[in-house]
Amino acid sequence: MNGTAETKSAAGQSAAVPPSDGSSNDPSAWSAPSGTPVPPAPRRPPTRDFPTRLAEVDRKISEAGLPFDSVRTGLEWWYRPFIEPRTWIALGWLFVGAVWGPIAFALVVATTAVVFALSIVGVGLLLIIPAFGFVTALAGVERRRAGWVGEAISAPEFPPQRQGLVKPIAARLGDAARWRQVLFFAIFGVAGPVFFTLGAAPWGFLVGNAFGSSFDPGAFSFGGLIIAAVFAGLAPRITTGVAWIARSFVAALLGPSDNAELRERVTELSGQRQQILDAVSDERRRIERNLHDGVQQQLVALGIDIGRASARLETDPEGARELLDDARDKVRGSIGELRLIGRGLHPAVLEDRGLDAALSAVVANAPIPIAVDVTSAASLPEDIASTAYYIANEAVANVLKHAHARVASIRLEDDRLDDGRDAVRLTVHDDGLGDADASRGSGLAGIRARVEGVDGWMRLTSPAGGPTTLVAVLPTDRPSRRG
C-alpha cells in the first residue's frame, strides 16, 4: 500500500479516495487505480479586475433605482475645489501676505520715522518725496500681487508733477491716494497674518481630524474622518472666500478712488461712443452704396424694361412678354438684395427663432462650408444677441471677401469672466490667408466697437498665411465696475 485506499462503488469499479493520513487536501493530488479516469479538478473562476467590479456595482445600483449619478455629480462638485489650482494659489497668496505684511509695515514705519526725525533739522522735508515714492513702489508690488487671485489692481490717479521745491512736497502731503497707501501698510502688518490665519484654519482643522492633532495614527477616529471628508470640500471654499475679501481690502486702499474710476469710465465710454458713431457712419455709407449700386440700378433697368414692353405690347406681343419676364426677374433680384440689407440691420429670424437660427441663416448661402456650433444654453439679453449676430455676420463677410478660405466655423459657448460674471464666447475661425488687422478697414473696427460697447473684449489672431481666429467674449450681466 502506498497510502491510498480503494473502495468499490456500486458498479464494482474502483474510485479514488483521499489519503487516510490527511497528507494532502488538493483533489488533484489524489491517486487513482490504474485505468480509472480521473475527473478534472474544479477550475477557480477568473479574477475580475477593479474596473469590471466597479461597473457591476454601478449596474446594480442603477437597477436598484438609487440616484448614483446624482450622488457622484454632487461629490465631484463638492471636492473639485480641492484639486483646482486657484485654491492653492489663493492659499499661497495669503501665506505670502502673512510674511510680507509685517515686513512692509516695518519698512514703512522705519521710513516714516527717519523722515520725521530728520524733519526737526529740516533735512527730512527733502526726503518726503522719496519716502512717498518708496511707499508707492511697495504699493505697486502689492497691486501686481493681487493678480494672483484675480485681475491686477490698477494704480490710483496721482496729481500731475509740479515745478519747484515746495509745491511738489505740498502736493504729496495733500494727496489722499498716497496717504491711503500709508494707511494700507499700517493695517497690513496685522491684516496679512490675520487673513492667512482665517484662510488656513480650515486646513488645520481638516488635518487634525483626519490624522489626529499630533499626527499620531493611534488618534485616528471614524468621526474625525467624516469631519475631514466634509472639510475637504469646505476648506477650499473658505480659503478662496478669504482671499477674495483680502483682495477687496487691497483694492479699496490701493486701487483708484471712486472719482477716479468714474472719470476713467467716462473717458472709456466717450471713446466707445466715438467708435460706435464711426461704425454707424460706415454702416450707413455701406447701405447707401449697396442701394445705389444694386437695388437702385435694378429699379432703373426695371422701369426701362416696363416702358419698352408697353411700347411693344401691340406691335410685338412676344417681345413685350420677354421684357416683362426680364422685369420680373429684376424685381425678384431687388427683393433679394433688400432682404440681405435688412438682414444686416436687424434680422427677423433673430427675434422669431433665436440666435442659433440667425447664425445658421448667416452661413446658409455661403460658397464655402461654414459650420455653426451653438452650445450655449444661456438666455441672452437682446443687445447681447444682436451684438453676437452682428459680429458673426461681419466676420463671415470678411472671410468671404478677403480671406480666400476653404472652410470656416462659428462657435458660441458659455463662458465666465475672471470677476465671476456669466458670459458667452463667440469664436469665428477660418483657414484663409490671414494677416487681418483690426486697425485697417471699418469691419473689424466696427466689431471691436460693438464688443467694447457691451463691456466685452475681443482678441484677433491672424498671422500671415493664416489661419485667422476672432474671439469675442460678451458678458450677459454687466454690474457696476470696481477695481
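The structure is a predicted model, in which local features need pLDDT of at least 70, side-chain atom pairs count only at pLDDT 80 or more, and totals for chains, interfaces and linings use all residues. Residues are numbered from 1 along each chain as its sequence is written, and side-chain values use heavy atoms, with hydrogens and water left out.

The secondary structure of the protein chain comprises 13 helices and seven strands; helices (H or I, at least four residues) and strands (E, at least two) are DSSP runs, numbered from the N terminus. Of its 483 residues, 33% count as buried, where buried means under 20% relative accessible area, exposed over 50%, and partly exposed in between (1.4 Å probe, protein chains only). Among the contacts in the chain with a separation of 6 or more, 69% come from residues 24 or more positions apart, a contact being heavy atoms within 4.5 Å.

Buried residues of helix 4 include Ile 128, Phe 132, Gly 140 and Arg 143.

Helix 3 (residues 85-119) packs against helix 4 at an angle of about 175°, and the two axes are 10 Å apart. Helix 3 is therefore roughly antiparallel to helix 4. Here, axes are lines fitted to C-alpha atoms, for helices over the stretch in contact, and angles run from 0 to 180 degrees between N-to-C directions; angles under 35 degrees count as roughly parallel, over 145 as roughly antiparallel, 65 to 115 as roughly perpendicular and the rest as oblique. On the helix 3 side, the contact includes Trp 93, Trp 100 and Val 115, while helix 4 contributes residues including Phe 134, Leu 138 and Glu 142. By class, this contact has 11 nonpolar, two polar and two charged residues (Ala, Val, Leu, Ile, Met, Phe, Trp, Tyr, Cys and Pro count as nonpolar, Asp, Glu, Lys and Arg as charged, and the others, Gly among them, as polar).

Turning to the rings, the structure holds 10 aromatic pairs. Rings of Phe, Tyr and Trp (its six-membered ring) pair if their centres lie within 6.5 Å, and planes under 30 degrees apart count as stacked, over 60 as edge-to-face and the rest as tilted. Phe 82 and Trp 203 have ring centres 5.7 Å apart and planes at 45°, so the pair is tilted. Since Phe 82 lies in helix 2 (residues 68-83) and Trp 203 in helix 6 (residues 176-211), the pair ties together parts that are 121 residues apart in sequence. Phe 82 is partly exposed at 31% relative accessible area, whereas Trp 203 is buried at 10%.

Phe 184 and Phe 188 form a stacked pair, because their ring centres are 4.9 Å apart and their planes are at 20°. Both residues lie in helix 6, four residues apart, about one turn of the helix. Phe 184 is buried at 0%, and Phe 188 is buried at 4%. Ring pairs link Phe 184, Phe 185, Phe 188, Phe 195 and Phe 249 into a cluster.

Two further residue pairs deserve a look. Gly 303, in helix 8 (residues 258-312), is partly exposed at 41%; Gly 303 and Ala 327 are 24 residues apart in sequence and 8.2 Å apart in space, C-alpha to C-alpha. Asp 383, in helix 12 (residues 382-403), is partly exposed at 31%; Asp 383 and Thr 476 are 93 residues apart in sequence and 9.4 Å apart in space, C-alpha to C-alpha.
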